[in-house]
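Subject: Structure for you to look at

Dear colleague,

Please find the structure below, as promised. I would be glad if you could read my notes with it open beside you.

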Amino acid sequence: MPGVATKSALTPDEWRGRFKVVYQEDQCFPGAFFALLTSADLLFDTKVTRGLSMGDLNKKLGYRKGAATPAEALEKRAIKRWLGVFGLDVQWERESPKSFDNLEASTKRDDVSFSLTEVDLHFVTDYDSKAKIKGPDFSTDHAIVVLKIANGQVEFFDPTFNPALPSNAGTMQALFTPQFVKRWSRCMDPYYRVWVTRVIPLPVRRMPREGLRGVPPLSRWRQKGRGVPP
Amino acid sequence: MASEGKGCPTMKAETHLTLPREEDPTEAIARFVRGKWSSDFVVGRTRSMNQYEREVSVDAHRVDLIQDAATGGRVFAREVVPDIAKFVVTTRPKQWLIMGPPPQQAFENLRHQTSRLVRKSERALLGAAHTEMVRIPVVQMALSPIRSILVYLEERGSLPLAELHKTRKSPDQVANYVSLLQQIGYARRENGSLVPGSGFPTGSSDRTPTEVYDAMLARVMQENYEFLQQVLKLTQMVGYLRWSNSYYLTAFSAQDRVNLPILDWERRHDGYYPSGHRSALEKIGQLQRVLDSGIVVKQGRGVEGDPEITERFFELARAEMDIPSP
């Protein structure tokens, strides 16, 4: 399992709020967690974020606007139980320093899992020419979910790219690894990584009943209208 | 972390930290506010107060994500709110003593500065859209006593104050109306009557009387909005200004006449004016009247500002907020 939480010498106060993705509306960690759960829906075919707005998730995570960001929000038992209903499990790891190798290794593990990752805000203009960054110049981190690192490319999901269609597969993006590494957040904050994994296997789809509209008959016998085969 | 785990910091009303001399106090403050208060907070200016003391300011860095419904583009508007908290670092023989405000005060300062920005934007918008705003029927109704006085002065030359007292307005309200008109130069007192003041438009013009009175009321609204709202209690117009401002302040942050989805517009209004909560029914009525006035226009799935108002607003907002032109 990727999310075997390593015991860290760091106290919660040392890492709380340091993993940063800030939007006035979406607000810090909940925005990033929404990204994580939206990606889970996308990859695992679950429905966690269906009918759930970013604000709803904020409430669920106990986020207080203007207060320190509750980085540990997903670690609450109630949240774990709630995600368990959808067949998901959430795990986390704190360590320092972070490394690209760790991230790459996490995407190659056997089970399906992915990491919430911190990049410089200018990353968005690397893959989306329509995105603009305005106002005074200061460095800001942005959260994306890395889905896969392979063949010199990084596949990722940016929840701000098309929030109206969070389950749209078109919102998955890919960028060449050197470009990604260039925008990899250089801040020295302790590393905090969250995983979501599917613990209950996807349900096996039942074969649709023949004869219904849109379902092609399987056998020539049935095509001839002879009813049930012997 | 500054003395975290060593049992030194105490968090009472004031923030109080002690730190060994080999550590950097500015860095410790930066880690403290970011880790304990909010990830938006960073260390700003540092100023030496005397040989043993220095002052370290804390700023808030914010990023506002604005979506353009027409182009699908995103604008990440960055903003710095300076000096939301100040720490004083004192040199002691073996340690640094760091004193600062409680976190609640920093958040209160942040809220206060945000609402100041919203007020500045409202003032700029009144300057840019007052003409359109006085045409909103509810605003016209609120300003009708002032309009009646102006029409009377134009038609009859003078208005006996006794006549004003015969209306259903209280003596205080009448005094406030008179004071407002005197202040703007539209009227002055003379022998127990009101007569046109130096600012009262004279001579014939190409404009219709309605246009003339609308222009006069627009000036009243632009120059005395706070008086109208707080003294005359003409609060009916507040909602329209707030809705319009919620769009224009967003456009100003994006530095573009963005096409804002209606849901985002509502969300931003509630964010800028958290106390001004209205029912869904009232909201939709106000939204529609703002759209009817042409201050904000519906375009596709979202709303956009009027091009001329936007241009004037950007110019006035830059002046209000001391931002140089691009």
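This is a predicted model: local features need pLDDT of at least 70, side-chain atom pairs count only at pLDDT 80 or more; totals for chains, interfaces and linings use all residues.

Residues are numbered from 1 along each chain as its sequence is written, chains are lettered from A and ligands numbered from 1 in the order in which they are written, and side-chain values use heavy atoms, with hydrogens and water left out.

Chain B is assigned a domain 1 (3–113) and a domain 2 (121–143 + 234–320), with bounds that come from an automatic or database domain assignment. The centres of these two domains, taken over C-alpha atoms, are 34 Å apart, and 9 residues of domain 1 are in contact with 11 residues of domain 2, where contact means heavy atoms within 4.5 Å.

The largest nonpolar core has 70 residues, and Ile146(B) and Trp265(B) have the most contacts inside it. A nonpolar core here is a set of buried Ala, Val, Leu, Ile, Met, Phe, Trp, Tyr and Cys residues joined through side-chain atoms within 4.5 Å, and buried means under 20% relative accessible area, with a 1.4 Å probe and protein chains only. Helix H9 (residues 238–254) of chain B gives the largest share of this core, 10 residues; helices are DSSP runs (H or I) of at least four residues, and strands are runs (E) of at least two, numbered from the N terminus. Both domains of chain B give residues to the core, so it lies between them. Another core, of 24 residues, lies apart from it and includes Phe44(A) and Trp82(A).

Helices H10 (residues 262–272) and H11 (residues 280–293) of chain B pack at about 110°, their axes 13 Å apart, the axes being lines fitted to C-alpha atoms over the stretch in contact and the angles running from 0 to 180 degrees between N-to-C directions. H10(B) is therefore roughly perpendicular to H11(B), a term that covers 65 to 115 degrees. Trp265(B), Glu266(B) and Asp270(B) of H10(B) meet Lys283(B), Leu287(B), Val290(B) and Leu291(B) of H11(B). Val290(B) counts as buried because its relative accessibility is 0%, and beyond its neighbours within four places in sequence its contacts include Tyr240(B), Trp243(B) and Trp265(B).

Chain A, finally, has 8 helices and 7 strands, and buried residues make up 48% of its 230 residues.

With best wishes

Conventions. Angles under 35 degrees count as roughly parallel, over 145 as roughly antiparallel, 65 to 115 as roughly perpendicular and the rest as oblique. Buried means under 20% relative accessible area, exposed over 50%, partly exposed in between (1.4 Å probe, protein chains only).
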